[in-house]
Every structure is written in structure tokens, then in C-alpha cells.
Amino acid sequence: MARSKTSPRWLKEHFDDPYVKMAQKDGYRSRASYKLLEIQEKDRILRPGITVVDLGAAPGGWSQVTSRVIGDRGRLIASDILEMDSIPDVTFIQGDFTDDAVFARILEAIGENPVDLVISDMAPNMSGVRASDQPRAMYLCELALDLAGRVLRPGGDFLIKIFQGEGFDLYHKQVREQFDKVQMRKPLSSRDRSREQYLLARGFRGE
């Protein structure tokens, strides 16, 4: 079973984590910020003035990084099932991404303007039972890819957290069919014991 986030062992590991300490020092809301910062340093997916959709945004670590790079001329639409403290110039939509009504609200917030980048750090609440966790995680990935296919401009990019396991190979194939280039990233700030990886797809082919 996965360790509870209130267990003494988890709490000790969390507060001893160098990235947690760095986040506190640098003013980021979560250690996850450094995952995006590492990918940004390598792949330069964020640029001033672009439009970005951030899925699974709470508590806001990725939105903080994104908003700082895209600046005042950029546009950021963020969503999560959890509450997120506001960030200047970020449109936040709270709700369950698997709910059609929430999905529609995100599309409405995006409007007619094409999106340059969709990023997703979404994951279900993990039970530690892979047979049930993996399908739930892949379902979120499928929904995120569906959204990306609807809103990305031709040439746009897609970054998503994904877990190796059942459904991964088929998903990877589906993404390759829609984008010119697909790469896997495992940031140093991602814990070694975590199965998470990040799939980066570049050059959306459009319809």
C-alpha cells in the first residue's frame, strides 16, 4: 500500500526533501515546480506571450513557473479538483476534470483562441494497488490528450505526467500519431521510487 501523507515516515521524508526546502526558500508552492523548471531548461517549452493550459494545477507550482515565464502578454488557464490560491492573471477553474461540465467550462475559458501548450501534472489519488491505480491514471491522460487535440494550434506542444504500465504503449502510439516528436523525461526532482515520467510531445499536427 502507498504510504499515507500523514504518516510519520512520509512527513519526515517530505520535510527532509531538498526540493521541498528549495521550494520554501524560492517561494514556490510545491516541489513540483522544479520538475517543470528542469524540463523548461532542457526543452524551452515556455516562452513569453504564449497561451498555456495547466491541468492538475493545485497547489499552483507549475502555474507559478509558467506565469513567470509567459509574462503579462501570455495567457494561462489552470484547473484542478482542489482549491488553488489565486495567482495574478491566471484563470482558475475548480472541478473534477472527468466531469463533462467541468471539461466544458475549461473549453469555454479557452475560447476560440488556439493554445500553444497544454501541461498536465494530474494523477489520481493513489491507493498503492497498481491494478486499479494504473487505469485511473491512464484515463486522466486520455482526457488530457483529448483536450489537447481540441485546443492546440498546429505546431503546439503537450507535456503530461504518465506512469509506465498497462495502457502506456497504446497511449504513446496515439500521441505519436498526433505530434511530430515524442520524448520521455524523468526530472532529477522526481523521486527515484516514483514510477512517474513526463511525456513531451512537440509539433501538434492538427486535424
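The legends below describe close-up views of a predicted model.

**View 1. Confidence along the chain.**
The mean pLDDT of the chain is 87, and 85% of the residues score at least 70. Strand β4 has the highest confidence in the chain, at 98. Helix α1 (residues 8-16) has the lowest, with a mean of 48. Over residues 10-15 the pLDDT stays under 50, and the model has twelve contacts beyond four places in sequence for this stretch. Where pLDDT is low, the predicted coordinates should not be read in detail.

**View 2. Helix α4 and the elements around it.**
Helix α4 spans residues 61-70, and seven of its ten residues are buried, so the rest of the structure largely encloses it. The buried positions are Gly 61, Trp 62, Ser 63, Gln 64, Val 65, Thr 66 and Ile 70. Packed against these residues are α3 (33-43) and the strands β1 (51-55), β2 (75-80), β4 (115-120), β5 (152-163) and β7 (196-204). Gly 71 follows the helix and has a positive phi, near 70°.

**View 3. Trp 62 in helix α4.**
Trp 62 lies in helix α4. With a relative accessible area of 2%, Trp 62 is under the 20% cut-off and therefore counts as buried. Beyond four places in sequence, Trp 62 touches Ala 32, Ser 33, Lys 35 and Leu 36, and also Asp 54, Ile 119, Ser 120, Asp 121, Leu 159 and Tyr 198. An unreviewed UniProt entry places the feature "binding site" at Trp 62, as well as at Gly 60, Asp 80, Asp 96 and Asp 121.

Asp 121 sits in the loop between β4 and α6 (130-151). Its relative accessible area is 14%, and Asp 121 is buried. Apart from residues up to four places away in sequence, Asp 121 touches Ala 32, Leu 55, Gly 56, Trp 62, Lys 161 and Tyr 198. Asp 121 is one of the positions with the "binding site" feature in the unreviewed UniProt entry.

The unreviewed UniProt entry gives the feature "active site" at Lys 161. This residue belongs to strand β5 and is buried, with a relative accessible area of 9%. A polar contact of 3.3 Å joins the side chain of Lys 161 to the side chain of Asp 121. Leaving aside neighbours within four places in sequence, Lys 161 is in contact with Ser 120, Asp 121, Met 122 and Ala 123, with Cys 141, and with Glu 196, Gln 197 and Tyr 198.

**View 4. Gln 197 in strand β7.**
Gln 197 is part of strand β7. Gln 197 counts as buried, at 17% relative accessibility. Outside the four places on either side in sequence, the contacts of Gln 197 include Ile 160, Lys 161, Ile 162 and Gln 164. Met 184, Arg 185 and Lys 186 are also in contact with Gln 197.

**View 5. Aromatic pairs.**
Four aromatic pairs are present in the structure. One of them joins Phe 97 and Phe 103, with the ring centres 5.5 Å apart and 40° between the planes, a tilted arrangement. Phe 97 is buried at a relative accessible area of 6%, and Phe 103 is buried at 8%. In the pair of Phe 158 and Phe 179, the centres are 6.1 Å apart and the planes meet at 15°, so this pair is stacked. Phe 158 in strand β5 and Phe 179 in strand β6 (residues 179-185) are 21 residues apart, and the pair links distant parts of the chain. Ring pairs join Phe 158, Phe 179 and Phe 204 in a cluster.

Ala 131 is found in helix α6. At a relative accessible area of 67%, Ala 131 is exposed.

Methods
Residues are numbered from 1 along each chain as its sequence is written. This is a predicted model: local features need pLDDT of at least 70, side-chain atom pairs count only at pLDDT 80 or more; totals for chains, interfaces and linings use all residues. Side-chain values use heavy atoms; hydrogens and water are left out. Buried means under 20% relative accessible area, exposed over 50%, partly exposed in between (1.4 Å probe, protein chains only). Helices (H or I, at least four residues) and strands (E, at least two) are DSSP runs, numbered from the N terminus. Contact means heavy atoms within 4.5 Å. pLDDT is the predictor's confidence in each residue, from 0 to 100. UniProt positions are given in the numbering used here, feature names are shortened, and annotations may be inferred rather than shown by experiment. Rings of Phe, Tyr and Trp (its six-membered ring) pair if their centres lie within 6.5 Å; planes under 30 degrees apart count as stacked, over 60 as edge-to-face and the rest as tilted. A polar contact is a pair of N or O atoms within 3.5 Å; within protein, one must be able to donate a hydrogen and the other to accept it, and residues adjacent in sequence count only if both atoms are side-chain atoms.
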